[in-house]
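Please examine the sequence and the structure shown below.

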Amino acid sequence: MPISMAFGKEKAKDSPPLYIGVLVPLTGEYASTGMSMLNGINLYLEKMNTEGGVNGRSIQLVLMNTESDMDIGLEQVEKATKDKRLQLVLGNAISSLAEKASPLYKAAKLPVLTPSASSTKVAENNDWFFMLNPSNKFKSMTLAYSAMYLGDIKNMMVIYDPQNAFSANMQENFETLFKVSDEYTIKNWEISAPDEDVPAFTRLAKQIKQHLSEQEDTALFITLYPSQNAQMLMALRRQGIEHKILLAGLGSGQLFRPILQNSPEEKKYPGYFAANIFGIDGFGMDTLGQEAQELRDIYHHRFNQQEINNDVMFSYDAIKVSIEALRAINAKGENIQQEREAFREYLAALNSPEHSIKGLTGPIYFDADGFVVKAANLITYKNWHRISAPTQFRAVENPKKVIGFNKKLEAQDILQMDEQYFYKTHIIYSNIEMLNIEEIDLDKKTAWLDFYVWFAGHDSVDFSQIEFLNAVKKVELGKPIRKDRVKHYAYSLYRVQGHFYMDFLPQYQEHYALEEHIVGVRFQHGILPFNRLIYVEDTGGNLLSSKSTQAQIRRNLSLFMQNWEIKKTQTYQDIISKPLRGDFKYDEYGDEVDFSRFNHIRLVKENRFTLRRNMSEMTALYTAIFSLFALIVLVMFRFVRYRHYPLSKGYRLTWLLKLPIIAIFLLAAESVILTNFIENDASHLQAVYTLFDIIWWMVPAYILVSGIEKFIWLPIEKKGGTPVPVLMRKMVSFIIYMLATFCVIGFVFNMKVTSLLATSGMLVTIIGLAVKMNISNIFSGIAINVDRPFRMGDWIQIGDYPAGQVLDTTWRATQIKTLGNDILSIPNAVAADSTVQNYHYPSDVCSEIQLVYIDFSHSPKQIRLLLLEAMQSVPDVLDEPNPGVSFRIGQWANEYKAIFHVKGYSARNQVCNQVNEEIYLHLQANNISPARPPNMTNVP
């Protein structure tokens with residue numbers, strides 16, 4: 001039964017899914033091939049379904065296990081052709097099964113993409129079959145021509161299995177291509193034996209040795225399955241045959257290499273079987289770009305496999321092409337047959353580099369037979385690392401535009417294979433040994449680098465013609481400090497010093513947001529384009545053997561790492577496209593020409609203590625939840641318990657306790673959110689990072705404003721009895737937030753704030769001049785509230801102003817109510833600078849004096865008694881202090897002072913009038929009249 005599998009998250013759950021059939025062997029002899037294909041498909045599909053699938057529809061795989069059996073495989077093919085849900089089929093891993101299944105797919109009009117089958121017979125007369133693995137014919141052609149043109153081979157011995165479709169097809173193509181003239185000879189050797197039949201391989205090796213010439217122009221070509229290739233290779237080497245050996249494939253390293261490495265010879269002499277063997281592969285891992293290198297790392301960590309093989313890479317590209325095609329035809333799963341035809345037509349239209357889909361292994365487009373148009377890669381082993389051979393073949397897209405085409409053909413710079421022309425492409429093995437990193441300037445994004453760089457490749461290449469693309473100033477290589485030559489291959493070592501730009505990789509934006517930086521070097525050849533020269537990483541080990549040099553490197557990097565941590569080192573090549581801008585020597589390439597670019601990067605981070613972004617994902621999540629819960633509980637407790645007591649110690653203590661909880665929550669929340677963006681949507685990471693940087697400035701500013709409110713304004717209001725004016729509150733808050741804003745501009749956005757400070761200073765000056773008097777009154781109000789010369793309700797007299805009762809003391813003026821019921825507003829600046837007489841402090845008892853003048857003829861004793869009786873007869877005159885009378889002899893009459901006390905300044909006028917009336921009545925009752933000054937005349 002088919003197994004329906006869904007991967008990833010479906011973002012459009014209401015839309016029906018689209019179904020893709022996957023026919024792979026998950027059990028039996030080819031189970032590892034099937035699992036590799038399924039892993040490659042899932043790696044891309046999970047990502048696509050998470051991002052929304054195809055036009056909002058998820059992709060579901062209908063998995064069918066062919067069990068490495070021909071009959072079972074054909075049964076599954078028939079089920080697939082009858083499944084009306086399927087948009088297409090991926091798989092058909094084995095060429096023999098694909099050959100027999102091809103007519104069934106054609107009859108059902110079901111499009112097929114096979115990542116691994118490569119037999120030329122699969123796609124014959126079937127325009128519904130597309131193959132992402134270069135055909136056997138092309139692989140055979142590449143091997144044959146590499147032997148003839150690159151290896152000076154004249155005699156070839158081919159070992160093949162006539163019962164194996166792949167092996168027989170490779171032998172047939174190779175023999176046809178190798179027999180191009182009488183100067184080449186070929187001899188075929190047949191073998192049909194399982195891996196366990198070691199004696200059969202040994203017998204064949206002995207027979208070959210008897211017929212093998214000792215001349216160097218003879219080589220062997222083994223075209224079996226990977227495990228059989230390993231057995232045959234061991235048998236040949238054990239017979240002492242050291243000739244060059246060509247293999248039909250080295251792509252399945254997990255089947256080929258372990259068998260050899262576990263042999264006694266390899267354990268005793270590592271590399272015993274790896275020497276002088278060459279093979280053909282669908283791609284060279286070292287010639288691919290960064291995306292492929294990162295996928296290799298992901299594959300290694302996820303599936304614990306050292307190498308990523310053809311099956312994974314081509315399957316990854318196959319599902320990518322499928323999804324791009326389904327998206328382009330707007331597949332909805334409604335009219336399946338119509339969408340199948342549209343799908344096939346879309347793939348058929350991918351027929352040139354201009355009409356292609358960018359895959360991990362290069363641009364993907366097909367020829368008229370449905371085979372991918374892609375150069376097969378010549379590979380070999382170095383220290384059991386698969387590397388690209390020093391010379392490769394790359395197709396000439398338009399021979400008519402190649403300047404000097406015939407001369408290049410005669411010089412064998414361009415080779416003709418069948419009906420196609422190819423460049424001889426040089427592989428340049430290169431690497432960088434960093435000696436020192438200094439003068440890192442994060443503002444200018446530059447660093448001073450001191451490093452060795454070396455190149456190894458064909459001696460016709462001028463290694464010095466390179467351009468350092470991220471150099472601050474042009475860097476010249478100068479003369480090499482070391483040179484070597486082996487046959488046609490040269491090695492040159494250079495030392496380079498200079499300033500280089502940092503953070504030159506846009507895809508590392510999320511790392512830059514986390515204060516991690518790229519330090520490194522990238523360069524390209526200044527003349528030779530990608531189809532003429534490809535840089536690859538030299539993985540053969542460090543070529544700098546000097547112990548003193550190595551010690552210096554360790555010392556310098558140790559000093560560097562005291563301040564900076566190297567988090568990642570990566571070396572890879574990628575392709576850079578440059579516009580021609582009328583450069584006629586590149587006419588054959590159209591509007592742009594591709595160059596191989598070498599990249600050596602180090603991801604570094606400054607060693608400094610910080611609490612931010614240091615939590616693990618789960619720790620941050622739990623901390624954020626706990627701190628948020630604690631914050632909610634604390635706020636609720638304070639609200640219930642202390643909401644009516646904002647000045648109590650408990651209220652202030654809970655407010656202070658809230659501060660570390662807020663800080664812990666922000667630390668945890670930042671780690672959680674940034675981790676989520678890094679994993680799911682790194683494109684907005686920089687914005688989130690900047691937002692948190694702003695928050696870390698603005699939240700403390702808010703807390704400071706709140707603290708001033710709790711610990712300054714409220715106590716002042718309680719002490720003064722008057723509210724702090726809104727203007728004062730807003731002005732202090734504005735200053736705090738303005739300073740925080742300047743910090744954000746300067747430290748978050750790395751902008752100069754001097755001009756802003758100058759502008760703001762000028763603005764503050766203008767505002768200050770405009771509200772100078774108000775500011776003076778505000779600060780005078782602060783002084784009055786602090787000194788407390790009077791309070792609300794006090795009767796006071798300020799300077800020469802009329803006395804009155806204090807109604808209100810605002811932060812601008814003091815308002816008093818006079819005895820005439822008039823409201824008088826005296827500016828605080830005037831009140832602060834004037835003499836204030838407070839009739840209410842230290843007590844509200846007012847002392848009053850009434851002057852009375854009596855003629856000399858009356859007895860002072862008598863007058864004193866009359867005045868005392870008069871004052872005592874008024875009820876509002878206080879007994880304590882006692883009323884009194886003072887006597888003084890004047891010039892024209894005796895002067896008497898009637899002294900009495902009244903409670904409250906507001907009652908003094910009324911009481912004074914009453915006292916005056918009583919004095920007058922008491923004097924009249926005793927026939928005594930007040931004396932008049934001599935200069936006063938009688939009034940009629």
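Along strand 32, which side chains point to one face and are buried, and which point to the other?

## Basis of the model

This is a predicted model, in which local features need pLDDT of at least 70, side-chain atom pairs count only at pLDDT 80 or more, and totals for chains, interfaces and linings use all residues. Residues are numbered from 1 along each chain as its sequence is written, and side-chain values use heavy atoms, with hydrogens and water left out.

## The faces of strand 32

In strand 32 (residues 845–854), C846, E848, Q850, V852 and I854 point to one face and are buried (under 20% relative accessible area, with a 1.4 Å probe and protein chains only). Helices and strands are DSSP runs numbered from the N terminus: H or I of at least four residues for helices, E of at least two for strands.

Three strands form an open antiparallel sheet in the order 32-34-33; strands pair if DSSP finds at least two bridges between them. Strand 32 and strand 33 (884–889) stand at the edges with a single partner strand each, so one side of each lacks a neighbour in the sheet.

Strand 32 is joined to strand 34 (residues 894–903) by ten bridges, and S847 has H901 as its bridge partner. Six bridges pair strand 33 with strand 34; here I889 is partnered by N894.

## Two packed helices

Helix 2 (residues 70–82) and helix 3 (residues 95–108) have axes 10 Å apart, at an angle of about 20°. Helix 2 is therefore roughly parallel to helix 3 (an angle under 35 degrees, taken from 0 to 180 degrees between N-to-C directions, with axes fitted to C-alpha atoms over the stretch in contact; contact means heavy atoms within 4.5 Å).

Conventions. Angles under 35 degrees count as roughly parallel, over 145 as roughly antiparallel, 65 to 115 as roughly perpendicular and the rest as oblique. Buried means under 20% relative accessible area, exposed over 50%, partly exposed in between (1.4 Å probe, protein chains only).
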